[in-house]
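Please look through the sequence and the structure below before reading on.

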Amino acid sequence: MSTEGLQAMLDTAVTAARQAGRLQKERLWGEFTFDFKGEVDIVTEVDRACEELIVSRIAAAFPGHSFLAEENLYADGDPAWRWVIDPLDGTTNYAHGFPWFCVSIALEHEGELTLGVIYHCMMDELFTAVRGGGAFLNGKPIRVSSRKPLRHSLIATGFPYDVARGNENNFRNFFELQLAARGVRRAGAAALDLAYVAAGRLEGYWECKLKPWDVAAGSLLVREAGGMVTNHKGEPHRIGDHRILASNGLIHEEIEALLERAEKSAPLL
């Protein structure tokens, strides 16, 4: 893959993310419809409009590429090139007018994450990464933090949509880590949590029951910013894994040990 070709793909993803972010910001406190994908899992018309915008722009620039996107299934394209898209990560926040959400776009080439873009329109923050080329925020290089140990660290997590019914509800993990860390935040957008680890604003992040579009761009950002991304057992993370642990690397083993202890403990509910 040529440098010029990769830059063209990144530029296209950035343009699409900014356009989708503009749409999100324009519609945020207005009227829009939403549907339920499950008992509490919702999708808004803005999710669908953003996805259509992003996919159409990328497909026009790179016909034949394949897509894995949250809100739709697309005809099979070239499996060597797959775009993984969350058009609006933080839909529940968006539907309630809580301004914490983003666009997340990643590209896999032959199964390897190649580029990632996360755009937080409400703060006009554009996070980008290219494999082997570092991570950036609005064009400036970013690195994970150097803070340790876990007691002095701020970390983040989230809870699955079926938290009230599923056994894997993350409650025991949260209990163990809330006691061990300086603080745990739960803001409701996995991609932004990962971007914040990459930018050194959080020291770590863990979650379970995630989908590829939740973590694809963010996991590349963390790695390119010098951090670690694994599953909860410390094994290399793939975007198809439903558990993720991302950190600055300095507190990774501490979090991993607590997650292991929590898994062996009785559930809180």
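Glu110 is exposed, its relative accessible area being 61%; buried means under 20% relative accessible area, exposed over 50%, and partly exposed in between, with a 1.4 Å probe and protein chains only. The model is a predicted one, in which local features need pLDDT of at least 70 and side-chain atom pairs count only at pLDDT 80 or more, while totals for chains, interfaces and linings use all residues. Residues are numbered from 1 along each chain as its sequence is written, and side-chain values use heavy atoms, with hydrogens and water left out.

Glu110 sits in the loop between S5 and S6. Here helices (H or I, at least four residues) and strands (E, at least two) are DSSP runs, numbered from the N terminus. The phi of Glu110 is positive, near 50 degrees, in a residue other than glycine. Asp124, in the loop between S6 and S7, also is not a glycine and has a positive phi of about 50 degrees. With 40% relative accessibility, Asp124 counts as partly exposed.

Another loop, between strand S9 (140–141) and strand S10 (154–156), holds Pro149. The peptide bond that joins Lys148 and Pro149 is cis, with omega about -5 degrees.

Strand S6 contains Leu115. Is Leu115 buried or exposed? Leu115 has a relative accessible area of 0% and is therefore buried. Contact means heavy atoms within 4.5 Å. Leaving aside neighbours within four places in sequence, the residues in contact with Leu115 include Leu6, Met9, Trp83, Ile105, Ala129 and Leu220. The C-alpha atoms of Leu115 and Arg131 are 6.1 Å apart, although 16 residues separate the two along the chain.

Next come the cores. In soluble globular proteins, nonpolar side chains tend to be buried together. A nonpolar core is a set of buried Ala, Val, Leu, Ile, Met, Phe, Trp, Tyr and Cys residues joined through side-chain atoms within 4.5 Å. The largest such core has 38 residues, and the members that touch the most others are Ile118, Phe127, Tyr205 and Leu221. Elements giving two or more residues to this core are strands S5 (102–109), S6 (112–120), S7 (125–130), S8 (135–137) and S14 (243–247), together with helices H5 (190–198) and H6 (212–224). Which element gives the largest share of this core? That is H5, with eight residues. Apart from this core lies another, of 34 residues, with Leu6, Met9, Trp81 and Val117 among them.

Phe127 shows what one of these members touches. Not counting residues up to four places away in sequence, Phe127 touches, among others, Gly116, Val117, Ile118, Phe136, Ala195, Tyr196 and Leu221.

Helix H5 has nine of its nine residues buried, so H5 is largely enclosed by the rest of the structure. The buried residues of H5 include Asp193 and Tyr196. After H5 comes Gly200, with a positive phi near 80 degrees.

Two packed helices are described by the angle between their axes and the distance between the axes. Axes are lines fitted to C-alpha atoms, for helices over the stretch in contact, and angles run from 0 to 180 degrees between N-to-C directions. H5 and H6 pack at about 0 degrees, with axes 8 Å apart. This angle makes H5 roughly parallel to H6; angles under 35 degrees count as roughly parallel, over 145 as roughly antiparallel, 65 to 115 as roughly perpendicular and the rest as oblique. Ala190, Ala191, Leu194, Ala195, Val197 and Ala198 of H5 meet Asp214, Val215, Gly218, Ser219, Leu221 and Val222 of H6.

A second pair is helix H4 (residues 171–180) with helix H7 (residues 252–264), packed at an angle of about 140 degrees with axes 9 Å apart. H4 and H7 are therefore oblique to each other. Their contact involves Arg172, Asn173, Glu176, Leu177 and Ala180 from H4 and Ile255, Leu258, Leu259, Arg261 and Ala262 from H7.

One more loop, between strand S12 (204–208) and H6, contains Leu210. At 9% relative accessibility, Leu210 counts as buried. Leu210 touches Ala190, Tyr205, Val215, Asp241, His242 and Ile244, not counting residues up to four places away in sequence. The C-alpha atoms of Leu210 and Arg243, 33 residues apart along the chain, are separated by 6.5 Å.
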